[in-house]
Amino acid sequence: MQTKEASQESEIKQVIRSLCMMNNRFMNFMLDDNKEAAQVFLRVILEDDKIKVRNVRIQSFIQNIYGHSSQLDILAQDSEGRYFNVEVQRSDEGAPARRARFYSSILDTHFLQPSKLYEELPDTYVIFITENDVLRDNLPLYDIRRTIKQSARDFEDGSHIIYVNSQCRDDTALGKLMQDLYCTEPKNLHYREFAERMEFLKYSKEGEEKMTDVIEEYAARKAEAMAKEKKIEFAKDLLAEGESIERTVRLSKLSEAEVRELASKLTA
């Protein structure tokens, strides 16, 4: 008979092996200090095979003493000094146009040193990879630039905002990259740089140990779900015994809407 510890370990392994790169935390582990994988990302999205990533960091916190600070999912720099911020957004609400604008501006304020000229401001790229087509033009990629309205000429200020629609998973290089974002098995990935990292994270003891945050987050969610289930069962018992909606809400700590839904199911 399987012990409780062995069962829990097996469950954790299943959770880890079910993760894909559209999971924000797992994407962070895939790209953290992984220049080769970050380089593939940027080369494919920007269609530039000359990009050479110098460094890549995850969860970079940028302090703004005058307003809203930001924590960037992935921040990379290439050999030309350009900065690339990659954000994975599964929720449409997480990728509004003004958030992209803000991230672009905060990169500017952070990377222009006090003694530098404006001409020395590095080029920046804010890249949102979205689960849905949030800009709704059915395009695989949206390359957003400032333009001069009267001439339709690009206003070359060095800032770039890009939205990548992960629903477009065709046989192009970008489509294959999007396929890889949803892939859970290393052997099925198109890009070797991702496969090697995923193999390490999912199938080695050292990789599992690196993902303690993911495991802790899973444990917290499971504990929360179990606590919620206990509240629901308690509320059902109270309602079955004839308690009022108001008293059941107070005793079970569930919302009134949740208790009313339970009550309607019991009387159905």
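Predicted model: local features only at pLDDT ≥ 70, side-chain atom pairs only at ≥ 80, totals over all residues.
Two packed helices are described by the angle between their axes and the distance between the axes. Helix α2, residues 24-31, and helix α3 have axes that come within 7 Å and cross at roughly 115 degrees. The two helices, α2 and α3, are therefore roughly perpendicular to each other. On the α2 side the contact is made by M27, M30 and L31, which meet A37, A38 and F41 of α3. By class, this contact of α2 with α3 holds six nonpolar residues, with no polar and no charged ones.

Helix α3, residues 35-46, also packs on helix α6, residues 192-203. Here the axes lie 8 Å apart, at an angle of about 140 degrees. That angle makes α3 oblique to α6, because only angles over 145 degrees count as roughly antiparallel. The crossing of α3 past α6 is left-handed. From α3, the residues E36, A37, V40 and F41 take part, and they meet R192, E193 and F194 in α6. The contact of α3 with α6 divides into four nonpolar, no polar and three charged residues.

The C-alpha atom of I62 is separated by 7.7 Å from that of I106, although the two residues are 44 residues apart along the chain.

Conventions
Residues numbered from 1 in each chain as written. Heavy atoms only, no water. Axes fitted to C-alpha atoms, helices over the stretch in contact; angles between N-to-C directions. Helix = DSSP H or I, 4+ residues; strand = E, 2+ residues; numbered from the N terminus. Parallel < 35°, antiparallel > 145°, perpendicular 65-115°, else oblique. Left-handed = near helix turned anticlockwise from the far one by under 90°. Contact = heavy atoms within 4.5 Å. Nonpolar A, V, L, I, M, F, W, Y, C, P; charged D, E, K, R; others polar.
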